[in-house]
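Please examine the sequence and the structure shown below. The report that follows describes selected parts of the chain.

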Amino acid sequence: MIALELDSSMIVALRESAPTVDVRRVDALKADLSAILSELPSPRGIVSNMPYYITGPLLNRIADARTSFSVAVLMMQREVAQRILAQPGNGDRGSLSVYLQMQFEISLVAQVPASAFVPPPKVDSTVLRFEPKVMSFDAVFEAHLFRLIRLSFAQPRKTLANNLVAGLRIPRETVAEVIEAIGLEEKVRPHDLTLEQWVELTRSVTP
């Protein structure tokens with residue numbers, strides 16, 4: 001087991017409580033997680049009570065390393081977990097929801113009330129399980145897909161068409177044709193699309 005910790009005072013406590021663990025003073029946002037994971041035998045996993053102020057960036061780093069582990073069990077603020085789990089049609093669904101659901105099978109492990117901590121924080125928490133999916137497209141298409149997802153949610157309250165016109169800088173008539181071609185209404189909002197429709201949309205607008 002390898003433990004990553006940035007707080008030097010916590011490193012001392014970790015080494016005392018878990019003397020067989022390889023405890024390293026490392027910033028998880030800067031570390032090469034794939035390289036660290038490669039030091040461990042398979043199957044490999046990631047377990048983290050993620051600092052809430054870096055949850056988004058840390059989830060991105062973990063997703064970047066998804067080919068290097070079999071499962072990740074992560075605790076985060078409940079509101080963030082709700083957004084990650086949000087399904088098509090749910091207003092909580094955003095770019096992070098689609099980005100992570102595209103790459104992982106995500107399931108609820110536990111709800112953790114603030115009273116479970118000492119001292120208790122001001123928010124409740126949720127534990128989620130992430131199992132990497134086998135992606136069926138290459139890295140170039142994947143990059144196009146994730147870019148399209150990000151720009152489509154640039155202004156979540158606007159329609160998908162408005163976001164695509166602004167983000168891709170293409171005529172509204174062209175956007176309307178693309179949206180209609182994949183069976184959607186022109187006034188559809190980005191949170192309404194399924195994962196399959198995001199893939200179809202990307203194929204339609206990628207040169």
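## Helix α5 and its neighbours

In this predicted model, the buried residues of helix α5 pack against several elements: the helices α3 (55–64), α4 (78–85), α6 and α9 (195–205), together with the strands β5 (104–112) and β6. Helix α5 covers residues 95–103, and seven of its nine residues are buried, so the helix is largely enclosed by the rest of the structure.

Which residues of α5 are buried? They are S97, V98, Y99, L100, Q101, M102 and Q103.

Strand β6 runs through residues 125–132 and includes S125. The relative accessible area of S125 is 0%, and a residue counts as buried under 20%; S125 is therefore buried. Leaving aside residues up to four places away in sequence, S125 is in contact with Y52, M75, M76, Q77, R78, Q111, V112 and F117.

Helix α6 spans residues 139–152 and contains S152. Is S152 buried or exposed? Its relative accessibility is 0%, so S152 counts as buried. When residues up to four places away in sequence are not counted, the contacts of S152 are L160, N163, L164, P190 and W198.

With a relative accessible area of 57%, E173 is exposed, because the cut-off for an exposed residue is over 50%.

For the chain as a whole, there are 22 positive and 23 negative side chains. The centres of these two sets lie 4 Å apart.

## The chain as a whole

The secondary structure of the chain consists of nine helices and six strands. The chain has 207 residues, of which 40% are buried.

The accessible surface of the chain is about 11700 Å², and carbon and sulfur atoms account for 53% of that surface. Of the contacts between residues at least 6 apart in sequence, 61% connect residues that are at least 24 apart.

Notes
Residues numbered from 1 in each chain as written. Predicted model: local features only at pLDDT ≥ 70, side-chain atom pairs only at ≥ 80, totals over all residues. Heavy atoms only, no water. Helix = DSSP H or I, 4+ residues; strand = E, 2+ residues; numbered from the N terminus. Buried < 20%, exposed > 50% of the residue type's maximum accessible area, 1.4 Å probe, protein only. Contact = heavy atoms within 4.5 Å. Areas by Shrake-Rupley, 256 points an atom, 1.4 Å probe, with all protein chains shown as cover. Lys, Arg positive; Asp, Glu negative; His and termini not counted. Charge placed at Lys NZ, Arg CZ, Asp CG, Glu CD.
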